[in-house]
Amino acid sequence: MKAVNAHHAVSWKELFRKYNLLLFIGFFACIAATISPKFFTFQNFSNLLQQSSVTGIVSVGMTLVILVGGIDLGVGSVLALSGMIVSVLLASGYGLVVSIGASLLAGALMGCFNGLVSAKGGVPSFITTLATMVAARGLALLTTDGKPVFNLPESFQWLGSGFVGPLPASGLLWILITVISALVLKYTTFGRGLYAVGGNDEAARLSGIRVTRSTVYVFMLSGVLSALGGIVLASWLTVGQPTAGKGMELDAIAAVVLGGASLSGGSGGVIGAFGGVWLLAIITNIFNLAGLSSYYQMILQGGIIVAALMLNQFFRSRD
């Protein structure tokens, strides 16, 4: 009898270790459903998908950076700068292709700078991207002297607030990027190489992986996805806002780590980050349903994230 109980104890422990994120999501979803019967409705999930899409898109890029053992603190500021670039160009009469292309190019250049300084210059990505965070925010404010940009064309607003059937276009874009990234990580040499670089960059270099080039590419992708997040946000809000994206880097890092990634690199994935973003969205949804003020929301959300990360880390350390 004791042997059977011990077997059950191990099974539950193993179950939690493997599926702790899903269990957290289920736990908080039950709390949300208890507070409001409207939680388990298609409309509410559609709203959550739309509201989480910007953080989700940025989190995909953050996942790739963390996989190679780096960190990107500039994602929120690059998001704001890219949102301002696309808004200013659109308001000035340039077409969608030129405006969106210029915004994505700005994100790629920012990411390329981060990657080159970190990989070739030997500067820790924490320092490099901290500098980018400050500089990009300054550029975003300088673009219009800190003023928001209005009068964006209706054709641009579809990306952020339009629908494909019953689902929001921005949410579907997030899902598409996540699926493509997951396939690249699993089935391509480049994707598998990122895990090797994050696990041991010297061993990866000796085995023929171009560590510097992979790192630069990863930061460029993070810059492009941050820019795309800025474009989607400007489209959704129908305004270019230079203060947009403040704190986005912390949300993205929290989502990636909640999704099972290690900040030391070499483990994790975009599917886990997808779940991490959903967990944060559900927690925020609970606070909104309960009518808590934003001050209490920030305090409780921080506490819950720390508790979840500590539990996650506890079970990872027991492997």
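Buried means under 20% relative accessible area, exposed means over 50%, and partly exposed lies in between (1.4 Å probe, protein chains only). The structure to select from is a predicted model, in which local features need pLDDT of at least 70 and side-chain atom pairs count only at pLDDT 80 or more, while totals for chains, interfaces and linings use all residues. Residues are numbered from 1 along each chain as its sequence is written, and side-chain values use heavy atoms, with hydrogens and water left out.

**Stop 1: a salt bridge**

Select Glu202 and Arg205. Their side chains meet in a salt bridge, at 3.0 Å from N to O. The term stands for a side-chain nitrogen of Lys or Arg within 4 Å of a carboxyl oxygen of Asp or Glu. The structure holds 1 salt bridge. Both residues lie in helix H9 (residues 201-206), 3 residues apart, which is about one turn of the helix. Helices here are DSSP runs (H or I, at least four residues), numbered from the N terminus. Glu202 counts as partly exposed because its relative accessibility is 39%. Arg205, at 40%, also counts as partly exposed.

**Stop 2: two packed helices**

Now select residues 169-187, helix H7, and residues 189-199, helix H8. Two packed helices are described by the angle between their axes and the distance between the axes. H7 and H8 pack at an angle of about 75 degrees, with their axes 5 Å apart. H7 is therefore roughly perpendicular to H8, a label for angles of 65 to 115 degrees. The axes are lines fitted to C-alpha atoms over the stretch in contact, and angles run from 0 to 180 degrees between N-to-C directions. On the H7 side the contact is made by Val184, Leu185, Lys186 and Tyr187. On the H8 side, the residues include Phe190, Arg192 and Tyr195. Contact means heavy atoms within 4.5 Å.

**Stop 3: Ala252**

Helix H11 covers residues 248-258. Not counting residues up to four places away in sequence, Ala252 touches Val58, Ser59 and Met62. For a distance to draw, pick Ile286: it is 34 residues from Ala252 in sequence and 19 Å away in space, C-alpha to C-alpha.

**Stop 4: the end of helix H10**

Trp236 is found in helix H10 and counts as partly exposed, because its relative accessibility is 30%. Which residues is Trp236 in contact with, leaving aside its neighbours within four places in sequence? They are Gln50, Gln51, Gly160 and Ser161. The C-alpha atom of Trp236 is separated by 19 Å from that of Tyr94, 142 residues apart along the chain.

Next, select Thr238, in the loop between helix H10 (211-237) and H11. Its phi is near 55 degrees, a positive value in a residue other than glycine. Thr238 counts as partly exposed, at 31% relative accessibility.

**Stop 5: another positive phi**

Asn151 is not a glycine, yet has a positive phi of about 60 degrees. It is found in the loop between helix H5 (125-143) and helix H6 (154-161). Asn151 is exposed, because its relative accessible area is 71%.

**Stop 6: a nonpolar patch**

Finally, select Leu15, Tyr19, Leu22 and Leu23, which make a nonpolar surface patch of about 370 Å². Such a patch joins nonpolar side chains (Val, Leu, Ile, Met, Phe, Trp, Tyr) within 5 Å, from residues with over 30% relative accessible area and no salt bridge. Accessible areas come from the Shrake-Rupley method with a 1.4 Å probe. Leu15 is placed in helix H1 (residues 2-35) and, at 34% relative accessibility, counts as partly exposed.

Definitions and conventions
Patches are made of residues with over 30% relative accessible area and no salt bridge: like charges are joined within 9 Å, nonpolar side chains (Val, Leu, Ile, Met, Phe, Trp, Tyr) within 5 Å. Angles under 35 degrees count as roughly parallel, over 145 as roughly antiparallel, 65 to 115 as roughly perpendicular and the rest as oblique.
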